[in-house]
Amino acid sequence: MKDLRLERDVRTETNKIEARGVQVYYGTNHALKDVDVDILDKTVTAFIGPSGCGKSTFLRCLNRMNDTVASAKVQGKITLEGEDIYDPRVDPVQLRAKIGMVFQKPNPFPKSIYDNVAYGPKIHGLTRNKAELDEVVESCLRKAALWNEVKDRLTAPGTGLSGGQQQRLCIARAIATSPEVLLMDEPCSALDPIATAQVEELIDELRSQFSVVIVTHSMQQAARVSQKTAFFHLGHLVEYGETGTIFTNPKDPRTESYITGRIG
Amino acid sequence: MTTLDMTGENAGTGRSKSLFTADKRTAARNAAERRFRAYGVVAITLAILALVWLLISIFSTGLPAFKQTFIDIPVTLDAAVLDKAGHGNPDEMASVSTIGYGKLIAKALSAEIAARGIDTGKMKPRDVAEMISEESAATLRNMVLANPKLLGSTIQFPALANGRIDGYFKGRVTMATAALDKNTSPEKLALADRLVAAGMMQTRLNLGFLTMPDASDQRPEAAGLGVAILGSLYMMFIVLVLALPIGVAASVYLEEFAPKNRWTDLIEVNISNLAAVPSIVYGILGLAIFINFGGLPRSTAIVGGLVLALMTLPRIIIPTRAALKAVPPSIRDAALGVGASRLQTVMHHVLPLAMPGVLTGTIIGLAQALGETAPLLLIGMVAFVRDFPKAPPMGLLDPASALPVQIFNWTQRGDPGFVERASGAIIVLLVFLIVMNTAAIILRRKYERRW
């Protein structure tokens, strides 16, 4: 298997995704107003903000999952390495193979652990034979820190795992298609503190290979795992910058109010 | 003032001081609950009693249809009588009609009775011969024509007994009713008793009920369900082949791909309405479209199958859509999230998860179609069909009958022997339905998954 990350020269601080003037409407509801964000490569970017502020909406714009919502309308420009992902020539299916996603609730397929991870490579034809597929499954499960727990029961159903294991399985499934960006929509909200710690540790490791965007309700989590933080409020991107700066020296009073617990 | 008093009083006296004594309101609520439970128990009991009654009456009337009285006669197949040309050629032998075979059997019966020394009383040989079903001659003739080598040999032929004699052993006919019946007489019944005692006559299991074709009004003893079962199977096959793929495809399109707008709303409402349309309306539709317009032959399995498929479609679409809806959206998100296309998402994940619901809906739809009578009456399937339809696919264009129509048909006939036949056919139909519903339950249990 061609390992993309080996061929890519390790650049840091380059823009992976650029969003300019993104507006999202759900019917008549203007959910996201004029958002400009640059998401860096090999960086964990956290989106924080109170419920309904548009952070999940923006995340779903990045891999065009909003296409599945009939009433959603996206305006503005989002580019992945300079290519407009809303260009009519773009096939969202291909895009989603490059931008993986992990959801709030662990949602493994009701199939075996092996099949869960192998599904992405299979449908995208990333492997030539069973041996290569086995290799991909193993490496992804290792990267997701799940291999040691499940290596003896790869044929057991993925839904039989514990919540934290299921979420790590979903992460393994998402990275199995060798994405360039990994979107995580509150990946720990359904997990207990121990599982959360495991997943956070994992996110930190994944940073070396992917650009990770994580939506979270927990400011501590954002502070722990991310290098860059964006604060959303009522559909606006209020502030975006280094995580340290956002939490210690926010420029906008709304950000300060939120991180000190006065709004949200 | 008064209202204030009342509330004050209620509040004061209504609440019991101790937890051990129920206050008035609690007692009333508990009584209401007990009453409601009692109504429920009564309703369930009535329903069970009605069901038990129904089953008892069907089984007590219908089970005898699976048994039949036979007279075992050693018949010598005289080549000089049955094959006058002497070539052993079935085409030439066909010139001997059932009358010829009837005489042969009658003679053989008289000879056997005489040989065993059974007293026939004042009965003439012709009266004795009337104890044999007229169908026996035809059965023997078909046997010989199918296998000309039997000529010249003596075979032990189990001849069907006449319907009245058969009814005597099943309790339908008594000496008293026989005295008033010009089709039989107490003497015949008495002789039948003696034949049974001699071991010549026996009431035994008759699988012919399931394999033989229908018989004419005067021969209930020979009537069977063969053509009806075959016709029903052909039609179920057509329904399955047409309604399942079309129904599933329509449901998947409506549920997963179609835009949600006024048109799809309209379609949805109309599918629900179609499921409630009386089945006879589908019969008229089939008559107009498939027979009058399409020019397909009447009373054939293909037309019946098409009509039933139309009728079954909404009954498959509705549960299939419900099953698709029940698949959690998180599974769709997961598949789309790893870059599966819409169709891959449906085919790899959503449809397999919905399969138990789809299969259950399909089997229940098929079971309903199997029991449907009214539309088949309108497309001419109520006709008297004695010839088995050929093997598919051409056999689908042959006239056939169907189980419920056969039941309907038999209940309309004069001879009391058909009451038993109709009930027996109902048992067969019920067995088919129970088997199908059991299959639905087993499939559902087997493929049910949790997520």
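A: The secondary structure of chain B comes to 20 helices and three strands, in what is a predicted model. The outline of the chain comes before its details. Taken along the principal axes, the C-alpha atoms of chain B fill a box of roughly 110 × 65 × 40 Å. The radius of gyration of chain B is 32 Å, whereas a compact globule of 451 residues would have one near 22 Å. Of those 451 residues, 37% count as buried. Among the contacts in chain B with a separation of 6 or more, 77% are between residues 24 or more positions apart.

Chain B is divided into domain 1, residues 70-201, and domain 2, residues 226-447. Taken over C-alpha atoms, the centres of domain 1 and domain 2 of chain B are 45 Å apart.

One helix of chain B can be followed in detail. Helix α10 of chain B spans residues 186-198, which makes 13 residues. From its first C-alpha to its last, α10(B) reaches 18 Å, close to the 18 Å expected at 1.5 Å a residue. The buried residues in α10(B) are B:K188, B:L189, B:L191, B:A192 and B:L195. Seen down the axis of α10(B), these buried residues fall within an arc of 160 degrees, so they line one face of the helix. The cover over them includes the strands β1 (67-76) and β3 (201-205) of chain B, together with the helices α6 (125-129), α8 (163-169) and α9 (175-180) of chain B. After α10(B) comes B:G199, which has a positive phi near 85 degrees.

B:K188, one of the buried residues of α10(B), can be set against a residue of another helix. B:N292 is found in helix α14 of chain B, residues 279-293. B:N292 is exposed, because 10 other C-beta atoms lie within 10 Å and 12 or fewer count as exposed. Along the chain, B:N292 and B:K188 are 104 residues apart, and their C-alpha atoms are separated by 52 Å.

Further along chain B there is a cis peptide bond, which joins B:P392 and B:P393 with an omega of about 10 degrees. B:P393 lies in the loop between α18 (374-378) and α19 (403-411) of chain B.

The next point is where chain B meets chain A. Here 18 residues of chain B are in contact with 21 residues of chain A. On the side of chain A that touches chain B, at least two residues each come from α3 (92-98), β6 (99-102), α4 and α7 of chain A. The largest share of that side comes from α4(A), with four residues. The residues on the side of chain A that touches chain B divide into eleven nonpolar, seven polar and three charged.

Helix α4 of chain A covers residues 113-124, and its buried residues are A:I113, A:N116, A:V117, A:A118, A:Y119, A:G120 and A:P121. What covers them includes α5 (130-143), α6 (147-150) and α7 (163-175) of chain A. Just after α4(A), A:G125 takes a positive phi of about 65 degrees.

A:A145 lies in the loop between α5 and α6 of chain A. Its phi is near 55 degrees, a positive value in a residue other than glycine. A:A145 is partly exposed, with 17 other C-beta atoms within 10 Å. A:E81 also has a positive phi, near 50 degrees, and is a residue other than glycine. The place of A:E81 is in the loop between β4 (72-80) and β5 (83-84) of chain A, and A:E81 is partly exposed, with 14 other C-beta atoms within 10 Å.

Helix α8 of chain A, residues 193-206, has 14 residues and reaches 20 Å from its first C-alpha to its last, close to the 20 Å expected at 1.5 Å a residue. In α8(A), the residues A:V199, A:E200, A:L202, A:I203 and A:L206 are buried. They cover an arc of only 160 degrees around the axis, which puts them on the same side of α8(A). A:P193, A:I194 and A:E205 are exposed on the other side of α8(A). The buried residues of α8(A) are covered by elements of chain A that include β3 (44-48), α7, β7 (181-185), β8 (211-215) and α9 (219-225).

Notes. Residues are numbered from 1 along each chain as its sequence is written. Chains are lettered from A and ligands numbered from 1 in the order in which they are written. This is a predicted model: local features need pLDDT of at least 70, side-chain atom pairs count only at pLDDT 80 or more; totals for chains, interfaces and linings use all residues. A residue is buried if 20 or more other C-beta atoms lie within 10 Å of its own, exposed if 12 or fewer, and partly exposed in between; C-beta atoms are placed from the backbone. Two residues are in contact if their C-beta atoms, placed from the backbone, lie within 7 Å. Domain bounds come from an automatic or database domain assignment. Ala, Val, Leu, Ile, Met, Phe, Trp, Tyr, Cys and Pro count as nonpolar, Asp, Glu, Lys and Arg as charged, and the others, Gly among them, as polar. The expected span of a helix is 1.5 Å times one less than its number of residues. The arc is that of the directions from the helix axis to the C-beta atoms. The radius of gyration is taken over C-alpha atoms; the globule rule is 2.2 Å times the number of residues to the power 0.38.
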